[in-house]
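Dear colleague,

I am handing over the structure below, together with notes on what was found in it. Please read the notes with the coordinates open beside you.

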Amino acid sequence: MLTDSPALLVDGLRKRYGDRDVVSGLSLRAARGELTAVLGPNGAGKTTTIECCEGLRRPDGGRVEVLGLDRTRPENAAELRHRVGVMLQEGGLPMAPHAGAVLRHVASLHDRPEAAGPLLERLGLTTVARTRVRHLSGGQRQRLALACAIVGEPELVFLDEPTAGLDPQARLAVWDLVRELRAAGTSMVLTTHLMSEVEELADHVVVVDRGASVAAGRPAELRGAPHVRIAPPPGTSAATLAADLAAALAQHAGLDTCAEAGGVVVRGTRMDAAVLAVVARALADTGHGAAEVALTRPTLEDAFLSLTGRELRADAA
Ligand SMILES: Nc1ncnc2c1ncn2[C@@H]1O[C@H](COP(=O)(O)OP(=O)(O)OP(=O)(O)O)[C@@H](O)[C@H]1O
């Protein structure tokens, strides 16, 4: 096994259901000791990809290496079962046993498991330890599935929407646990629709759309730099305003003005209140005015929407 291999390497992954390619040449890399978030619209192919990495689905093409081992080779399955933790979107828990018994059973499958009691306590499950899984609330099942994924102290954990449907207190408890795991050096791959979760937890983000990876980087890289955004006044096109403003700003080296998404955007290496004042003066010089001028700090959600579009997908799952 190569110790300098990434926690997860996916290269040119393909998966087809019937005559539909749902994953078409997807590549991503998750470094060891980091939390990599995989984002994408409903139906983008995230769960299918992660399930191929977990060994639950067989890829139709491409390479999947988990902790340096080829995931598609049956001889690696047993070793990876011990070294990788999986929290499935649907939980995958047996319904009849008590919650505590399920966790103790999963713990018994590992060589050096974490103690089940304290883990149940951390996830607010002590009072339901003797409740059958089928009688747990959705959020309690979700937390039990997380406990089962990490009780074996795996090197890599896959978390598929781990806080979907949890109340804010439970979400914070899960986030604290995830931070502790990362501090202890655990590699994690997380899929989520919550941008706040990504902002809080992710070291690295991969954006997936229509079965392929469309962007990857640190959250700050994906968010992009602050810029001045100007909404043209009624009756003035963004293109006209951008051209006139660019001329008015010509003597200010390092500022780049363009029309973008119905507005005008000014970018530069340093974007602060002083630059905002310069842009506002130049705007006044154009004689156009503006409906709105603001120094904007793009959010991850802005970046996500600009990468994947705003329209609801007809093929959304
Ligand atoms: N077993 C299956 N048979 C046929 N089609 C499937 C199957 N599993 C998933 N799909 C389809 O594959 C596409 C990708 O689904 P997938 O669950 O991977 O998306 P996702 O990005 O995880 O979506 P979400 O964010 O909604 O969980 C969807 O259009 C889905 O309907």
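Strand 1 (residues 8-17) and strand 2 (residues 20-30) run antiparallel and are joined by eight bridges, where strands pair if DSSP finds at least two bridges between them, and where helices (H or I, at least four residues) and strands (E, at least two) are DSSP runs numbered from the N terminus. Please note that this is a predicted model, in which local features need pLDDT of at least 70 and side-chain atom pairs count only at pLDDT 80 or more, while totals for chains, interfaces and linings use all residues. Residues are numbered from 1 along each chain as its sequence is written.

Within this pair, Lys 15 stands opposite Val 23 in strand 2. The hairpin that the two strands form has two residues between the strands, and Gly 18 takes a positive phi near 60° there.

Turning to the ligand, twelve residues surround it, the closest being Tyr 17, Asn 42, Lys 46, Thr 47 and Thr 48; a residue is near a molecule if its C-beta atom, placed from the backbone, lies within 6 Å of it. Helix 1 (residues 46-54) gives the most to this shell, with three residues.

Arg 63 lies in strand 4 (residues 61-66), and it counts as partly exposed because it has 14 C-beta neighbours inside 10 Å, a class that falls between buried (20 or more) and exposed (12 or fewer). Leaving aside residues up to four places away in sequence, Arg 63 touches Asp 11 and Gly 12, contact meaning C-beta atoms, placed from the backbone, within 7 Å.

With best regards

Notes
Two residues are in contact if their C-beta atoms, placed from the backbone, lie within 7 Å.
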